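Thanks for coming. I have one structure to go through this morning, and I will take the contacts one group after another.

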Amino acid sequence: MKPESKKVLIITYYWPPAGGPGVQRWLKFVKYLPDFDIQPIVYIPENPTYPIVDANLEKEVSENAIILKHTIFEPYQLASFFSKNKTKKISSGIIPNQKKQTFLEKTLLWIRGNLFIPDARVFWVKPSVSYLEKYIAENNIDTIITSGPPHSLHLIGLILKQKIKLTWFADFRDPWTTIGYHKSLRLSTNSERKHKALEYRVLNTADTIIVTSKTTKTEFEAITNKPIAIITNGYDTEPVTKVTLDCKFSLAHIGSFLSERNPIILWESLNELLQEIPDFKYHLELKLIGAVSQEVLDTISQFNLNSYLNNLGYVSHSEAVAHQRNSQVLLLIEINSEETKSIIPGKLFEYMVSNRPIIAIGPKDSDFAEIITGTNTGVFFEYTEKVKLKNTILSYYNQFLEGKLQSYGVGLQKYSRKNLTKDLAQLINSKI
């Protein structure tokens, strides 16, 4: 690092050893920011309650980063006394179908949505402000970035901005009040009003808003006149050993498989192909890697697909990347709702550079559909397009039998983490 490198304080909750998609964005930005003469100072909780842990990611933390830690109190630690499993699932976003929720699950969701606004990490706000106000003054820092969710971290930025002269970037990895699970929190009218009021204050106080999709930008433009920049998630250069493709015709879904992402048209198509093509049953494998809701597993069973299911559970990020490159076809499923059009799953970009074709299912006009089509890395389907989906699976299967199945991506370089960090660095420097 050059002595004159610009210092930037990054406030984030998810950081190694946290696993899952939430940690990747800023882990990689921090990795490359020093290449653009920016000194990253990362503020994280000292004793967090991470629903997913991947200790291997600690090896990827940049040696140039300064890491600050401060104690956090989280109600999840208390809630786990009632049911550690249910608390962990809710914390990680696995929310059971409303009709199948137990009384305890309904209670935990009501508490989460109405007593902890905007989220259960809100008790970290005041102590963080006290700690960081002093640190910022002593170290001549004039730029901060908050990353959410959890969106309570934006409240740290909000209060610091009100107390100190500094430039504040609010980074939204996901939307706030329009995110898919928001409606599942059993919010009262008053609680919903509080969420929207906090969202409004953050969006109208930050100097610049950073979002990951054009739909989120459009949604926020209706709330604020502040500048909004789109910086998507991306892929990093991963060390690749020689890839040996699965012998089976494997369809792999990597990441959390939520109840609302249950793609009936996919299960129906596979069930019908098993009946129509005698040899299909000898080749099919359905690989699920990550947390899977019980509703999804039940539906797979209903369509007689259990014999072909390989439910591997959570694996490390490096193992997930290996599965992305070894599997024959990659599945990307998003909830079929207006609110999820803006969601661009972080794993999409790793999928795109795996050379494996993507089958993506989501709502009409999804932002990620445009990326998949524009990069020629797969095919997107709406939830009504079962015939098109079934024909595509059959086409991929025939290519698999011929040993010719792969994708031919174009224009992928702009989504590399280093190029995206360059965009971030330019945005930061434009505010000096």
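Start with the backbone oxygen of Ile372, which lies 3.4 Å from a polar atom in the side chain of Thr375. The side chain of Thr375 also makes a polar contact with the side chain of Thr377, at 2.9 Å. By polar contact I mean a pair of N or O atoms within 3.5 Å; within protein, one must be able to donate a hydrogen and the other to accept it, and residues adjacent in sequence count only if both atoms are side-chain atoms.

This is a predicted model, in which local features need pLDDT of at least 70 and side-chain atom pairs count only at pLDDT 80 or more, while totals for chains, interfaces and linings use all residues. Residues are numbered from 1 along each chain as its sequence is written, and side-chain values use heavy atoms, with hydrogens and water left out.

Back to Thr375. Thr375 sits in helix H14, residues 367–375; helices (H or I, at least four residues) and strands (E, at least two) are DSSP runs, numbered from the N terminus. Is Thr375 buried or exposed? Thr375 counts as buried, at 3% relative accessibility. Buried is under 20% relative accessible area, exposed is over 50%, and partly exposed is in between, with a 1.4 Å probe and protein chains only. Not counting residues up to four places away in sequence, Thr375 touches Met352, Tyr408, Gly409, Val410, Gly411, Leu412 and Tyr415, contact being heavy atoms within 4.5 Å.

Thr215, Thr216 and Phe220 are buried in H8. These residues are on the same side of H8, because they cover an arc of only 135° around the axis, taken from the directions from the helix axis to the C-beta atoms. The cover over the buried residues of H8 includes S5, helix H7, strand S6, strand S7 and H14.

Next, the nonpolar cores. A core here is a set of buried Ala, Val, Leu, Ile, Met, Phe, Trp, Tyr and Cys residues joined through side-chain atoms within 4.5 Å. The largest has 62 residues, and Leu9, Leu132, Ile156, Phe172 and Ile209 touch the most other members. Another core, of 34 residues, lies apart from it, with Leu273, Tyr383, Tyr397 and Leu405 among them.

Now the rings. The whole structure has 17 aromatic pairs; rings of Phe, Tyr and Trp (its six-membered ring) pair if their centres lie within 6.5 Å, with planes under 30 degrees apart counted as stacked, over 60 as edge-to-face and the rest as tilted. Tyr43 and Tyr131 are stacked, 5.7 Å centre to centre with 25° between the planes. Tyr43 in strand S2 and Tyr131 in helix H5 are 88 residues apart. Tyr43 is buried at 0%, whereas Tyr131 is partly exposed at 28%.

Last, charges. There are 19 salt bridges, each a side-chain nitrogen of Lys or Arg within 4 Å of a carboxyl oxygen of Asp or Glu. Asp236 and Lys28 form one of them, at 3.1 Å from N to O. Asp236 is in the loop between S7 and strand S8 and Lys28 is in helix H1, so this pair ties together parts 208 residues apart in sequence. What is the relative accessibility of Asp236? Asp236 has 6% and counts as buried; Lys28, at 2%, also counts as buried. Finally, Glu268, Glu272, Glu276, Lys386 and Lys390 are linked in a salt-bridge network.
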